[in-house]
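Me: I've got a model open and want to go through a few spots with you. Shall we start with the strands?

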Amino acid sequence: MTSSTVTQLQHNAFTPSRAARELGLRRSEFDLAVHLGQIRTVPDEGGGGRRVTRSEVDRLRATSGFPDTLRQRVRLVGTTEGAEAMGIPVGRFTRLARLGLFSPLRFYLNRYRAVVWLYLADELEEFTTVEDNTPLLTARRMPDGLRDMLDEGVDLRARNWRGRHRGFLLRLAEDPWESAGALAAFLDPVQIAELVPDPYERSHLHRFRPGPPAQGAQGSPTAYLIEKIMTAHDPAEIAWLRTELTGVLQDARRFRPAPRPATRQAPSAPPPNEPAPQEPSRGLLGWLRRRSA
């Protein structure tokens, strides 16, 4: 991209904070809209990160019902509000969520360090309009197969959240290393060490490995719980991630090998009866290193 194109992009695009103000959204609402693909962003070639073009802001402003319709599309609800929106008891809502029949989009830990899952209100309302879902909402008892899953302790909320978040990270990835980092974010360090035994390559991969969306003080119980939610535990999910990461790493190596220290050969001993060569100057050493790099 030429410098003139970069300058034009900077002039015609907004930072995320400015774009949120232009669209009448809170920053959390803006970030979620980007996550869902409701707002299209472009790379900020000048300073890193993402920006929103002026034409994209104008497109959103021109939509019918703006800004209320945009806010509605990113409205999140917890368990109680979600149950009310679907017209079902809270207990039934929780059971349907554990079975993975709809997926959370965000989470946070409350003051008791309990996980609070948040759902997209539009998706819950859409679930109630599907005729096949009516028995799940109105029948006195869950179907036997689903009841058996609940009795076995099935809870797919964390796994489904990881799947959605992984898709978001992969959509933002701009090269194979960033894609590899997005996949590696959901594997524990032991799994990554098995797949990437080379320490230099593993260190390079770690640069592109995003952290969890929520944070806690390092080593704290909160941080441990967040890491547990972020990390795959189901064998099938781990196997899928390992297979995908192995393939993407092959693409990343072809795209750009991981950097590693330049190898330096030890100087050979001078032949007998010949004077040892003088130590080269610092400038010559630099030139030789650049030439051999």
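Me: Which residue in β6 is the bridge partner of R106?
Reply: Quick caveats: this is a predicted model, with local features needing pLDDT of at least 70, side-chain atom pairs pLDDT 80 or more, and totals for chains, interfaces and linings using all residues. Numbering runs from 1 along each chain as its sequence is written, and side-chain values use heavy atoms, without hydrogens or water. β5 (residues 106–109) and β6 (residues 115–120) run antiparallel, joined by 4 bridges; strands here are DSSP E runs of at least two residues, helices H or I runs of at least four, numbered from the N terminus, and pairing takes at least two DSSP bridges. In β6, R106 is bridged to L118.

Me: Which residues make up the covered face of β5?
Reply: In a regular strand, side chains alternate between the two faces of the sheet. In β5, R106 and Y108 are on the uncovered face, and the covered one has F107 and L109.

Me: And which residue in the hairpin of β5 and β6 takes a positive phi?
Reply: That hairpin has 5 residues between the strands. The one with phi near 60° is R113.

Me: Is H204 buried or exposed?
Reply: H204 sits in helix α14 (residues 199–207) and touches W177, R256, A258 and P259, leaving out residues up to four places away in sequence; contact means heavy atoms within 4.5 Å. Buried is under 20% relative accessible area, exposed over 50%, partly exposed in between (1.4 Å probe, protein chains only). Its relative accessibility is 4%, so H204 is buried.
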